[in-house]
Amino acid sequence: MASVMNLYSTHFRNSDKKQKSPTQFVHHSLYSNRFSQPKALKKIIPCSSLSISSIHTRKIVLDPSPSPPTFDFKSYVLEKSISVNNALDAAVPLHDPIKIQESMRYSLLAGGKLVRPLLSIAACELFGGHESTVMPSACALEMIHTMSLMNDDLPCMDNDDLRRGKPTNHKVYGEKVSVLAGDAMLALAFHLVATETKGVSEDQVVRVIVELAKAIGAEGLVAGQIVDVCSEGDSNLGLKDLEFIHRNKTAALLEGSVVMGAILGGGNEEEVEKVRKYGRCIGLMFQVVDDVLDITKSSKQLGKTARKDLAADKTTYPKLIGIEKSKEFADKLNKEAINQLVGFDSEKAAPLIAMANYIAYRNN
């Protein structure tokens, strides 16, 4: 892979300031063709409230020619984030019972990083697929991720008060509404994939649904979560156990994100497997970096409660191998991930390379 990476910083800053008026989204009928590609990009969210914040990434040079084309990651994230947020807004319109819709929208549209939907779109486009084809899956991934965060924050789990710089869902709407809103998003996620995915075969849609179910069930996210909550305070937990937790609790859905995109983009079995390995590496890397950030950044910088793993006496990579070794491990995973993209069209692979670097060098 002929690419030279020169470190530079670009920034999106999440604004914690209250808007004088609600954000204006482009609304659609619930069952309209909401995932079709618009003729012109509609800017629906102020830049200050977009999802990828405090980016420290690398500028990708795609070939060694005298005047090589470069990939503008900042513009890519801005454009795709607007598309995803527009589709998420359309997928959860306000209607009766209003309380559940408000709760869903409160967390879903709270300015998350949108890493999973962006990865899915990038993987689909790697194989020549279209954004409109993968958008229902992209929305489903963000809904399920948001649901998992809402569950994490509940008093019976991590008992957290802050998420994405705002009070957690149950602090605003109560535990009962928060649980039901999460349930509703989980159901809606599968409904979107099953009914709104257009332009591909039924077999591809079924494969995507199976991939998603596996990523979040007892062989994925839930498996990691249950071992995590049952291991708090366990001084005998080692690296192998910790890797199991993170590969399932965090990495499984990130891996599923790129695999779903690759399937919808038309990748063959060998190509999908390469993308799967890429996703597996960045998924584990995401959590290793999270572990480091939890003890090196403030709650204000993170947009969530800092040092909560220490407070809960959880085993983390820095706890077992130290901060510097954890950073080295994350760097190793990043290189392994990018290496999986060797042989693909360099321009189409650029967003996935940039996303890997963003995950490795992010600040929150």
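Start with the whole chain in view. Among contacts between residues at least 6 apart in sequence, 77% join residues at least 24 apart. This is a predicted model. Colour by secondary structure and count 15 helices and five strands. The chain's accessible surface comes to about 16300 Å². Carbon and sulfur atoms account for 53% of that surface. Of the 364 residues, 52% count as buried.

**Stop 1: H1 against H4**

Select residues 73-91 for helix H1 and residues 131-153 for helix H4. Two packed helices are described by the angle between their axes and the distance between the axes. Here the angle is about 70° and the axes are 10 Å apart. Angles from 65 to 115 degrees count as roughly perpendicular, so H1 is roughly perpendicular to H4. The crossing of H1 past H4 is right-handed.

Now show side chains at the contact. From H1, pick Lys80, Ser83, Val84, Ala87, Leu88 and Ala91. From H4, pick Glu131, Met135, Cys139, Glu142 and Met143. Colour them by class. The contact of H1 with H4 holds seven nonpolar residues, one polar and three charged.

**Stop 2**

Move on to the loop between H1 and helix H2 (98-108), where Pro97 sits. Which form does the peptide bond from Asp96 to Pro97 take? That bond is cis, with omega near -5°.

**Stop 2: Phe127**

Next, select Phe127. Phe127 lies in the loop between helix H3 (115-126) and H4. Is Phe127 buried or exposed? Its relative accessible area is 17%. Under 20% counts as buried, so Phe127 is buried.

Leaving aside residues up to four places away in sequence, Phe127 touches Ala262, Gly265, Gly266, Gly267, Glu271, Val275 and Phe344.

**Stop 3: two positive phi angles**

Go to the loop between H4 and strand E4 (162-163) and select Asn159. Asn159 is not a glycine, yet its phi is positive, about 50°. Its relative accessibility is 45%, and Asn159 counts as partly exposed.

Then step past E4. Arg164 is in the loop between E4 and strand E5 (166-167). Arg164 also has a positive phi without being a glycine, with a value near 55°. What is the relative accessibility of Arg164? The value is 18%, and Arg164 counts as buried.

**Stop 4: Arg207**

Select helix H7, residues 202-216, and pick out Arg207 within it. Arg207 is partly exposed, with a relative accessible area of 34%. Arg207 and Met260 are 53 residues apart along the chain. Their C-alpha atoms are separated by 8.0 Å.

**Stop 5: H10 against H15**

Show helix H10, residues 269-296, together with H15. Their axes come within 9 Å and cross at roughly 20°. Angles under 35 degrees count as roughly parallel, and H10 and H15 are therefore roughly parallel to each other. Their crossing is left-handed.

Which residues meet here? On the H10 side, select Tyr278, Ile282, Met285, Phe286 and Val289. On the H15 side, select Leu352, Met355, Ala356, Ile359 and Ala360. Colour by class again. The contact of H10 with H15 has 10 nonpolar residues, no polar and no charged.

**Stop 6: H14 against H15**

H14 supplies Asp331, Asn334 and Ile338. H15 supplies Ile353, Ala356, Asn357, Ala360 and Tyr361. By class, the contact of H14 with H15 divides into five nonpolar, two polar and one charged. Leave Ala356 and Ala360 highlighted: both belong to the contact with H14, and both also meet H10.

Key: Residues numbered from 1 in each chain as written. Predicted model: local features only at pLDDT ≥ 70, side-chain atom pairs only at ≥ 80, totals over all residues. Heavy atoms only, no water. Axes fitted to C-alpha atoms, helices over the stretch in contact; angles between N-to-C directions. Helix = DSSP H or I, 4+ residues; strand = E, 2+ residues; numbered from the N terminus. Parallel < 35°, antiparallel > 145°, perpendicular 65-115°, else oblique. Left-handed = near helix turned anticlockwise from the far one by under 90°. Contact = heavy atoms within 4.5 Å. Nonpolar A, V, L, I, M, F, W, Y, C, P; charged D, E, K, R; others polar. Buried < 20%, exposed > 50% of the residue type's maximum accessible area, 1.4 Å probe, protein only. Areas by Shrake-Rupley, 256 points an atom, 1.4 Å probe, with all protein chains shown as cover.
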